[in-house]
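Biologist: Hey, I'm new to this one. Can you put it up and walk me through it?

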Amino acid sequence: MRNAFAGELTKLASNNLKIVLLSGDMGNHLFDKYKVLFPERFYNCGVAESNMTGIAAGMALAGLKPVTYSIAPFITIRCLEQIKIDICYHNLPVVIIGTGAGLSYAGLGTTHQSCDDIAMLRVIPNISIVCPGDAMEVRGALRAALNHNGPVYLRLGKKDEPLIHKIVPVIEIGKSLIIKRGRNICLLSTGNLLPLAANAAENLTRLGISTQLVSFHTIKPLDETLLSDVFSSFQLVVTLEEHSRIGGLGGSVAEWLSEMPPQHSRFYRFALPDVFYKGAGDQNHVRDYFGITKSEIVQQVIKNYRNCLGSGDDLQNAVQ
Amino acid sequence: MHKDKIKIIARNIRKQTVSLSHSARIAHLGSSLSCVDILACVYFNALNINRKNVLHPERDRFILSKGHAALALYVTLAQKGLFSPMLLNDCGQPGSLLAEHPIPGSIPGLEAATGSLGHGLSIGLGMTLAGRIQLYDFKVLVLLSDGECNEGSVWEAAMFAAAQHTENLVAIIDYNKWQATGRSDEIMALSPLKQKWSAFGWNAREVDGHNIEEIAEALRAALNSKDAPYAIIANTIKGRGVSFMEDDNNWHYRIPTAEEVMLAHQELDAQ
């Protein structure tokens with residue numbers, strides 16, 4: 001995702017002279033090409049994210065289109081007030097790029113994990129939050145973010161994640177992408193869990209449960225049209241995210257449900273528990289530890305689907 | 001503009017600010033009065049800001065980073081003719097856009113909403129760099145309070161501005177020696193403030209923040225700064241101009257009574 005971001009930004013910056021890239025001393029060699037082509041539109045702002053975010057606001061107030069870049073925790077909650085006041089209160093077109101979101105950089109420790117960023121940003125008015133599911137979606141999301149006339153947080157993973165899309169999809173902020181259609185259950189996946197969700201969907205389908213897969217890339221504004229649609233037509237709707245169960249995609253959907261009349265579908269959230277992970281280990285290890293695995297997703301979905309149907313016999317029938 | 005005229009303008013700004021604090025029920029009067037002479041010099045002597053160019057991309061920009069002195073800024077912008085002084089009557093009323101801290105887009109000439117301290121210098125620095133990128137030569141002045149220099153983000157901005165040699169950026173510190181609940185030099189080791197800014201790579205000079213000639217001269221030097229941003233440490237007195245408010249930190253939060261407004265006006269008229 002990182003490389004797709006850098007490549008796409010370099011492409012877009014040649015046509016849009018208002019784009020300025022601000023880095024918080026991150027992205028070693030990632031922006032080499034950009035820096036050679038547009039040296040006057042690149043600033044390494046140092047390890048000073050609050051100042052960088054204020055600078056971005058000032059640049060936007062003076063007519064530019066700044067993009068700020070750092071590791072997700074440092075570009076979000078480290079400088080949360082600058083995002084709130086300088087960017088969002090003024091409703092400025094700044095694109096905030098958080099890389100290594102969720103557990104992507106789990107191996108670097110809890111300080112570098114970002115499983116709370118969506119919740120922290122979501123309460124701020126004016127901001128859009130977009131979590132692309134693969135490198136292709138990153139490119140599409142960046143195009144959309146730079147065309148958007150307001151603040152956007154783009155939540156990226158790391159690099160070399162599996163591709164789901166063959167070509168760059170047109171991303172519209174607030175409009176989800178249906179990856180694969182199904183009839184019984186619907187998986188709403190946001191961000192870098194998409195490849196895992198795709199594997200789980202395939203597995204479930206093989207087991208005879210017709211599974212729809214959606215890349216629910218925008219968490220704010222919430223795609224209420226799609227939610228209304230899926231909650232009235234599927235027996236089970238499941239959200240999947242590499243983020244705390246509090247305040248992320250699942251939380252957003254739960255809030256939405258609380259304001260709606262009773263829906264046809266049952267709802268299940270797949271997210272991280274409300275605890276810090278303390279220990280060494282890479283993303284896969286911590287995903288395993290928290291049960292963010294294909295088998296766990298499949299198991300939980302079947303268990304909840306069984307509850308929807310009422311008895312094991314029905315499930316057997318449904319599966320067959 | 002001639003210095004005597006600026007002094008008269010400053011007196012009028014003080015009188016209106018005191019009245020407005022009373023009618024709008026808005027505090028921070030001491031902080032507003034300490035920076036009036038600076039505001040008068042900035043708007044009536046130093047910067048190229050007027051009703052015609054207030055939205056022009058190449059205009060000079062002023063940011064009140066110490067947003068709690070908004071009253072003094074509102075009065076100054078009205079005096080400058082950027083909006084109708086009639087609007088001031090509405091200040092502080094429920095629903096009014098003229099609130100205790102500035103609201104974005106509320107009045108012409110308000111470049112940025114502030115109120116939480118430590119934000120304005122970074123925003124001003126961003127504007128300065130945007131000017132560089134777009135090949136504009138406008139100047140950006142940012143007014144900070146001494147208490148505001150407690151915030152780490154001020155020094156992040158200071159270091160980055162120096163690294164970028166932003167000669168079009170000027171910081172003015174309203175050094176009135178008080179912050180909300182105590183002496184600023186006792187709460188944090190601010191002193192020696194001029195040396196701190198120098199050590200951070202800025203051209204720095206200290207002035208009497210109530211001496212129009214000194215402020216105007218410092219601003220002239222600052223706007224012609226070469227290779228480095230410029231910091232003006234303005235030694236001021238909180239509540240300046242009204243004897244019973246001067247250097248009395250109760251006026252950080254107190255709102256004057258009708259009688260106190262009258263007394264203040266009498267004193268200011270006699271000056």
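This is a predicted model: local features need pLDDT of at least 70, side-chain atom pairs count only at pLDDT 80 or more; totals for chains, interfaces and linings use all residues.

Biologist: OK, bridges. In β9(A), what is the bridge partner of A:Ser189?

Modeller: That's A:Ser215. The strands involved are β8 (residues 185–189) and β9 (residues 211–215) of chain A, which pair in the parallel sense over five bridges.

Biologist: What sheet do the strands of chain A form, and in which order?

Modeller: An open sheet of five strands, running β7-β9-β8-β11-β12 in chain A, with mixed pairing. From one strand to the next, the twist averages 25°.

Biologist: Which strands stand at the edges?

Modeller: β7 (177–180) and β12 (266–272) of chain A. Each has a single partner strand, so one side of each has no neighbour in the sheet.

Biologist: Which strands does α8(A) touch where it packs on the sheet?

Modeller: β7, β8, β9 and β11 (236–244) of chain A, and the direction of α8(A) makes about 170° with that of β9(A).

Biologist: And how do α8 and α12 of chain A cross?

Modeller: The axes of α8 (residues 194–206) and α12 (residues 294–309) of chain A come within 9 Å, crossing at roughly 50°. That makes α8(A) and α12(A) oblique to each other, and their crossing is right-handed.

Biologist: Which residues make that contact?

Modeller: From α8(A) you get A:Leu196, A:Asn199, A:Ala200, A:Asn203 and A:Leu204, and from α12(A) there are A:Lys294, A:Ile297, A:Val298 and A:Val301. By class, six residues of this contact between α8(A) and α12(A) are nonpolar, two polar and one charged.

Biologist: Zooming out, what domains does chain A have?

Modeller: The domain assignment gives domain 1 (2–155) and domain 2 (177–319). Their C-alpha centres lie 28 Å apart.

Biologist: How many residues are in contact between the two domains of chain A?

Modeller: 24 residues of domain 1 with 29 residues of domain 2. On the domain 1 side, α6 (117–122), β5 (128–130) and α7 (135–147) of chain A each supply at least two residues. That side has twelve nonpolar, seven polar and five charged residues.

Key: Residues are numbered from 1 along each chain as its sequence is written. Chains are lettered from A and ligands numbered from 1 in the order in which they are written. Axes are lines fitted to C-alpha atoms, for helices over the stretch in contact, and angles run from 0 to 180 degrees between N-to-C directions. Helices (H or I, at least four residues) and strands (E, at least two) are DSSP runs, numbered from the N terminus. Angles under 35 degrees count as roughly parallel, over 145 as roughly antiparallel, 65 to 115 as roughly perpendicular and the rest as oblique. A crossing is left-handed if the near helix is turned anticlockwise from the far one by less than a right angle, and right-handed if clockwise. Two residues are in contact if their C-beta atoms, placed from the backbone, lie within 7 Å. Ala, Val, Leu, Ile, Met, Phe, Trp, Tyr, Cys and Pro count as nonpolar, Asp, Glu, Lys and Arg as charged, and the others, Gly among them, as polar. Domain bounds come from an automatic or database domain assignment. Two strands pair if DSSP finds at least two bridges between them.
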